[in-house]
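The following exercises concern one protein chain. Please work through each task with the sequence and the coordinates at hand before reading the solution.

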Amino acid sequence: MNRFLQYAIQLAKMAEGQTGVNPAVGSVVVKDGKIVGLGAHLKQGEKHAEVQALDMAGYAAKGATIYVSLEPCTHFGSTPPCVNKIIEAGIKKVVYAMKDITLDSPGDDILAAAGIEVDYQHQPEAEAMYTDFFKAKQAQIPEVTLKVSVSLDGKQATDEGQSKWITNPGVKQEVFLQRARHDAILTGAGTVAADNPSLTVRLEGERQPVRVILARSGNLDWNQNIFHDPTSPVYVYTENNQIKTDELQSHVQVIVLDDCSIKTVLKDLYKKGIGSVYVEAGPKVTSQFLQSQCVQTLIIYYAPKVIGGSGAYQFYQTDSILPLEQVPQFEIDHSEIIDQNIKVVLRKK
C-alpha cells in the first residue's frame, strides 16, 4: 500500500468513535513527495478531513495529490461537498482507499470532469473500518457493540444475582476504554437497580459518552448514582408518560415513546446524532439486542470460572427454541488473553 494512503487510514482510525453519525476520515496532501497538509474529521458538523488537509496545504495544494481513507463526499450536509473544495484547490490527483456506497452521486465523474485524475485503491483495512458505518447509515441506526462478561458456562451472575467480580481488573480497564470509543453506553433498568452504576469512563483525558437507560415501565429509583452524576447526559427511554421530569436533575432527559423496542430506540438515538452504542446490560436487554439483529459486534469476556446453577443469569435467553439455521450467527474476528481472562471479538455474519 502507498505509504501516504496508509497515513490517511491511520488518521481516520485515530478519530474513530468521535464523529457521531459521520464517518471517521483521514486525508493527506502530498506534493513533490512531501506532505504539505494533514487532516482528520474530528467531530460531526465540523470540517471534513479533506478540507482540513487542504486548508493546511494552502497554495501548495495546487498540482498536488490528495490521499483519502474514504471517497470524498458529494453532498451538502453540515458542510459543503468535499469534491468542490478539491476542485477549487487545484488538486491534480485524488487517491482513496474505500468507495462510499452510501453516496447518491458519482464523485469520480465529478472530479474527472474537472480534469482531476482519480485512483481508487481498494484497501481491506479501510473496508473493515467502514463496513459498519455503511450498514448503520442505510438502516438509520447506530453501530452497535454488545459486551458481556461471563463465566465459562455463560453466566453473568450466580442464581442469587452475585456478579462482582466475575472478570478481573484488567478487563474492567479494557471496558472503560471501549466505552470511550462510543457515543453512548446503554443498559437496562434492571442493571441500574442491581448494580447502582455510574457508567462513566474512569480514564484520564477520555471523553464521557451519553448514558442510555431502557426502562419501559419507568420504575426507577431516582436516588441512584447515575441520576446525580452530571458527568454526561442520561437518556431514559420509557413508555410511561407519568414521570415527573421537573423533579430530575438537568443532565437527565426522559424520552417517552409509544414503543420502546430495540430498533425504535436505536432509530431515535441516531436522529439525536448518536452514531455508535456500547451495550452493557443484564440477560434481559442483552437477549433483546441479540434477537433484534441490530448487533454488529459482540465482545465476550470469559473468566476462568464455572458458576453452575439453574442459569437464571445466562447471558442469552429466549422464550422459544429456534432451529439452528435461524439463530443469530457470528464469526470470530480475533481473541486475546487479558490477565487470565479470554476476550473474544465476534462479528455478525
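Buried means under 20% relative accessible area, exposed over 50%, and partly exposed in between (1.4 Å probe, protein chains only). The model is predicted: local features need pLDDT of at least 70, side-chain atom pairs count only at pLDDT 80 or more, and totals for chains, interfaces and linings use all residues. Residues are numbered from 1 along each chain as its sequence is written, and side-chain values use heavy atoms, with hydrogens and water left out.

**Exercise 1. Salt bridges**

Task: Describe the salt bridges of Lys272, Lys343 and Glu71, and classify the accessibility of Asp268.

Solution. 

Step 1. A salt bridge is a side-chain nitrogen of Lys or Arg within 4 Å of a carboxyl oxygen of Asp or Glu. The structure holds 16 of them.

Step 2. Lys272 pairs with Asp268, and their closest N and O atoms are 2.6 Å apart. Asp268 counts as buried because its relative accessibility is 16%, whereas Lys272, at 34%, is partly exposed.

Step 3. Lys343 and Glu174 form a salt bridge with an N to O distance of 2.5 Å. The pair links distant parts of the chain, 169 residues apart: Lys343 belongs to strand 14 (residues 341-348) and Glu174 to helix 6 (residues 169-180). Helices (H or I, at least four residues) and strands (E, at least two) are DSSP runs, numbered from the N terminus. Lys343 is buried at 6% relative accessibility, and Glu174 is buried at 15%.

Step 4. Glu71 and Lys99 meet in a salt bridge of 3.8 Å, N to O. This pair also links distant parts of the chain, 28 residues apart, with Glu71 in the loop between strand 3 and helix 3 and Lys99 in the loop between strand 4 and helix 4 (107-113). Glu71 is buried at 6% relative accessibility, while Lys99 is partly exposed at 29%.

**Exercise 2. The nonpolar cores**

Solution. 

Step 1. A nonpolar core is a set of buried Ala, Val, Leu, Ile, Met, Phe, Trp, Tyr and Cys residues joined through side-chain atoms within 4.5 Å. In soluble globular proteins, nonpolar side chains tend to be buried together.

Step 2. The largest core has 36 residues, and those touching the most other members are Val29, Leu54, Ile66, Ile86, Ile91, Val94 and Tyr130. Two or more residues come from each of helix 1 (3-14), strand 1 (26-31), helix 2 (49-57), strand 3 (65-68), helix 3 (82-89), strand 4 (93-96) and helix 5 (124-139). Helix 1 contributes the most, with 6 residues.

Step 3. A second, separate core has 33 residues, including Ala184, Leu186, Leu257 and Val265.

Step 4. Contact means heavy atoms within 4.5 Å. Leaving aside neighbours within four places in sequence, the contacts of Tyr130 are Ala12, Pro23, Ala24, Val25, Ser69, Leu70 and Met98.

**Exercise 3. Helix 9**

Task: Explain why helix 9 (residues 283-292) is described as largely enclosed, and identify what covers its buried residues.

Solution. 

Step 1. Helix 9 is largely enclosed by the rest of the structure because 7 of its 10 residues are buried. The buried residues are Pro283, Val285, Thr286, Ser287, Phe289, Leu290 and Ser292.

Step 2. Their cover includes strand 6 (143-150), strand 7 (184-188), strand 8 (210-214), helix 8 (262-271), strand 11 (276-280) and strand 13 (330-338).

Step 3. Gln293 follows helix 9 and has a positive phi, near 65°.

**Exercise 4. Positive phi in loops**

Task: Where do Asp32 and Asn196 lie, and are they buried, partly exposed or exposed?

Solution. 

Step 1. Asp32 is not a glycine, yet its phi is positive, about 55°. Asp32 lies in the loop between strand 1 and strand 2 (34-40), and is exposed with a relative accessible area of 73%.

Step 2. Asn196, also a residue other than glycine, has a positive phi near 50°. Asn196 is placed in the loop between helix 7 (189-195) and strand 8, and at 28% relative accessibility it is partly exposed.
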